[in-house]
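Visitor: I am new to reading protein models. Can you take me through one, feature by feature?

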Amino acid sequence: MSASWAKHVADVLRRNDIRTFATVPDYIVSHVLEDLWADAGCRVVTVTREEEGVGLLSGAWLAGRRGALLMQNSGLGNCVNALASLNVASQIPIVLVISHRGDLGEFNPAQVPMGQATGPILDALGIRWIRPGSIAELEAQGDGLVKLGYTRSLPVAIVLPAELTGGKQG
Amino acid sequence: MSAALTRAAATRLLAGRLSGEVVVANLGQASLDLQAIADRPLNCYTYGAMGQCSSIALGVALARPDLRVVALDGDGSLLMNLGSLCTVATEAPPNYALVVWDNEVHQTTGGQPTATAARSSLAAVARGAGIEKALEVRTEDELRRAYDRMLGEDGPFVVCVKVEKGRSEGRFTDRDVVGQARRFRQALAAR
């Protein structure tokens, strides 16, 4: 049984016709994955490194399917070049679902630098992102964000903060 | 012993056998040769994201199981994304074939040796990743037989083609990356 917030994230993706997913799991996005794995209409590919998911989902979009990449913000660092030189350059949309470690309530010092860099990295790539602090905010903004991504034909990101997910307790 | 293969000759040999297959070509030499020798809407040229050719092709293959997908990668690029071989093995799409032009150097950047110039075998890595149909070919006869298999049998295939060093004689005349991605997407949608 996934957490309530996680079901809302999964539903935002599915009701926007996203059925192909790639992931390197982390503790937080695994709650969303539970819903997607249980859905026979969804295909979830576990990749070895987040950048691979960017390539895979870009191929899927070129073949007519919308895709989302679920990962921790550390994984965003692993796929910056692919997002820039493939998705932004060639206007290939992808939805990034990023659990936000290294911010409010973080217990692990190693998570903090990428946690603080997450927003600036997305901004530097010109990727529009939201960071909903509650299920109500997610519901108010999620559909619009995904729609904007396909209107612009560019990546967008849903960053999942500890205020929404409960974070990870150290 | 027949003469060593060139990437252009191997590309030409493949192009002569293509009909409805999708081809995803790696940035640099693989795309230059393919565009010069056999440009077609079902070709996807990659210009950035070094290492991602095998993964982009996997995404196409999973989304379109009704089409055969051939990726044309390079040794330097595949070495950046060896994990994709494990993902291909796990997902095991029967319509997927990864051809690696292995000239044992980073050609585009001036010919610096890669790990395949020393001790590494990409076909052996692919087998270790779990792809049973992983071949290494060095002659035109072997290449013809490999093409017959990868275009006729269920995959996934990895065909590592040992080719001579050398830059493509092709030159990109069109770097409209947005337009080319759109052309490829529309060609796929029409099939």
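Guide: We will go through the sheet, a helix, the core and the chain contact.

Guide: This is a predicted model: local features need pLDDT of at least 70, side-chain atom pairs count only at pLDDT 80 or more, and totals for chains, interfaces and linings use all residues. Residues are numbered from 1 along each chain as its sequence is written, while chains are lettered from A and ligands numbered from 1 in the order in which they are written.

Visitor: What is the strand order of the open sheet in chain A?

Guide: First, the general idea. Strands of a sheet pair through backbone hydrogen bonds, either parallel or antiparallel. Helices (H or I, at least four residues) and strands (E, at least two) are DSSP runs, numbered from the N terminus. Two strands pair if DSSP finds at least two bridges between them. Here, six strands of chain A form an open sheet in the order 2-1-3-4-6-5, with parallel pairing. Strand 2 and strand 5 (128–130) of chain A stand at the edges with a single partner strand each, so one side of each has no neighbour in the sheet.

Visitor: Which residue of strand 6 of chain A is the bridge partner of Trp129(A)?

Guide: Ala157(A) is that partner. Trp129(A) lies in strand 5 of chain A, and strands 5 and 6 of chain A pair in the parallel sense over three bridges. On the other pairing, strand 4 and strand 6 of chain A are joined in the parallel sense over five bridges. There, Val97(A) has Ile158(A) as its bridge partner in strand 6.

Visitor: Is Trp129(A) buried or partly exposed?

Guide: Count neighbours. A residue is buried if 20 or more other C-beta atoms lie within 10 Å of its own, exposed if 12 or fewer, and partly exposed in between; C-beta atoms are placed from the backbone. Trp129(A) has 18 C-beta neighbours inside 10 Å, so it counts as partly exposed.

Visitor: Which residues lie on the two faces of strand 6 of chain A?

Guide: In a regular strand the side chains alternate between the two faces of the sheet. In strand 6 of chain A, Val156(A), Ile158(A) and Leu160(A) are on one side, with Ala157(A) and Val159(A) on the other. All of these are buried.

Visitor: Why does the span of helix 3 of chain A agree with its residues?

Guide: The expected span of a helix is 1.5 Å times one less than its number of residues. Helix 3 (residues 50–62) of chain A has 13 residues, so it should span 18 Å; its end C-alpha atoms are 19 Å apart, which agrees. The helix is mostly covered, with 13 of its 13 residues buried. Just after it, Gly64(A) takes a positive phi of about 100°.

Visitor: Which residues have the most contacts inside the largest nonpolar core?

Guide: A nonpolar core is a set of buried Ala, Val, Leu, Ile, Met, Phe, Trp, Tyr and Cys residues joined through C-beta atoms within 7 Å. The largest one has 102 residues, and Val97(A), Val24(B), Ala57(B) and Val161(B) have the most contacts inside it. Helix 3 (residues 53–63) of chain B gives the most to this core, with eight residues.

Visitor: How many residues does the contact take from chain A and from chain B?

Guide: Two residues are in contact if their C-beta atoms, placed from the backbone, lie within 7 Å. The contact takes 27 residues from chain A and 26 residues from chain B. On the side of chain A that touches chain B, helix 3 of chain A gives the most, with ten residues.
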